[in-house]
Amino acid sequence: MNRENFQELMSEGRLLEIALQYLLESETQEKKERHTEHITGYIQERMEKDVGACTGVLLNRLGITPNLKGHTYLRKAIELEVESNSSMEGMMKCLYPQVAADCNASPASVERNIRHAIEVMWERGNQELYREITNHYVQKRPSNGQFITSIAAYFRDGRIFIH
C-alpha cells in the first residue's frame, strides 16, 4: 500500500473499518482453531472409551468395509474379546455363539462371514496396517482367531491411533 492509498483510506474512514475487520477475522480464526481442537479431543476421548467405534474405524482402514456382514460380526467379536481378555481356545464354543445371538445369526454364518471379511482384507485391503498392528511381518492370511485376538490385543495394549 502506497502513501496515496493510505491517505485516501484515512480520509474515507475505511482504515478503521479494515482494522476492525482484521481483528474480527483473526479472533474468529482463533475461535475456530480452539473449537476444532476441542471437537478433535472429544472425538478421540470418545473413541478411546468406545472400542466398538474404534474397531469400526480400524476395520475400515484395513479394508473391511461395513457393507460386509463380517464387518459387524468382527466389531462385536473384537469388542467381546477385549472385554473378556480370553484366548483363542474358546472361539467356536463361546465367541461365535455369543456374536450370533447378539446379531441374530447362526454361529456358522458368523464364522463364514468373518473368514470372508478377513480374506477381502488380505486380498484387497491394507496388509501393511495389519502388519503394523501385529508388530511382525505376516506372510499368509491370518485365521479368524488370530485376527480377532491380534486386534483385541492391539486395543487392550492401548496402542490405538486414528489417522
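Predicted model: local features only at pLDDT ≥ 70, side-chain atom pairs only at ≥ 80, totals over all residues.
## Overall fold

The chain holds eight helices and zero strands. Read from the N terminus, its elements run α-α-α-α-α-α-α-α. Of the 163 residues, 31% count as buried.

If you are interested in how the chain folds back on itself, look at contacts between residues at least 6 apart in sequence: 56% of these join residues at least 24 apart.

## Where H6 meets H8

Let's begin with helix H6, residues 107-124, and helix H8, residues 144-156. The two pack at an angle of about 75°, and their axes are 10 Å apart. That angle makes H6 roughly perpendicular to H8, because the range from 65 to 115 degrees counts as roughly perpendicular.

On the H6 side, the contact is made by Glu111, Ile114, Arg115, Ile118 and Met121. H8 contributes Asn144, Phe147 and Ile148. Sorted by class, this contact has five nonpolar, one polar and two charged residues.

## Where H7 meets H8

H8 also packs against H7, here at an angle of about 60° and with the axes 9 Å apart. The crossing in which H7 passes H8 is left-handed. From H7, the residues in contact are Tyr130, Ile133 and Thr134. From H8 they are Gln146, Phe147, Ser150, Ile151 and Tyr154.

The class make-up of the contact of H7 with H8 is five nonpolar, three polar and no charged residues.

## The aromatic cluster

By the ring-centre rule, the count comes to three aromatic pairs. One of them joins Trp122 and Tyr130 in an edge-to-face arrangement, with 6.5 Å centre to centre and 85° between the planes. Both Trp122 and Tyr130 are buried. Another pair is Tyr130 with Phe147, which is stacked, at 5.4 Å centre to centre and 15° between the planes. Tyr130 lies in helix H7 (residues 127-134) and Phe147 in helix H8, so this pair ties together parts that are 17 residues apart in sequence.

Trp122, Tyr130 and Phe147 together form one aromatic cluster. How accessible are Tyr130 and Phe147? Tyr130 has 2% relative accessibility and counts as buried, while Phe147 is buried with a relative accessible area of 0%. Both values fall under the 20% cut-off for buried residues.

## His71 in helix H4

His71 sits in helix H4, which spans residues 69-84. Is His71 buried or exposed? With a relative accessible area of 4%, His71 is buried.

## Ser106 in a loop

The last stop is a loop residue. Ser106 is placed in the loop between helix H5 (91-103) and H6. Its relative accessible area is 35%, so Ser106 is partly exposed.

How far apart are Ser106 and Tyr96 in space? Their C-alpha atoms are 8.4 Å apart, and in sequence the two are ten residues apart.

Note on methods:
Residues numbered from 1 in each chain as written. Heavy atoms only, no water. Axes fitted to C-alpha atoms, helices over the stretch in contact; angles between N-to-C directions. Helix = DSSP H or I, 4+ residues; strand = E, 2+ residues; numbered from the N terminus. Parallel < 35°, antiparallel > 145°, perpendicular 65-115°, else oblique. Contact = heavy atoms within 4.5 Å. Nonpolar A, V, L, I, M, F, W, Y, C, P; charged D, E, K, R; others polar. Buried < 20%, exposed > 50% of the residue type's maximum accessible area, 1.4 Å probe, protein only. Phe/Tyr/Trp six-rings, centres within 6.5 Å; stacked < 30°, edge-to-face > 60°. Left-handed = near helix turned anticlockwise from the far one by under 90°.
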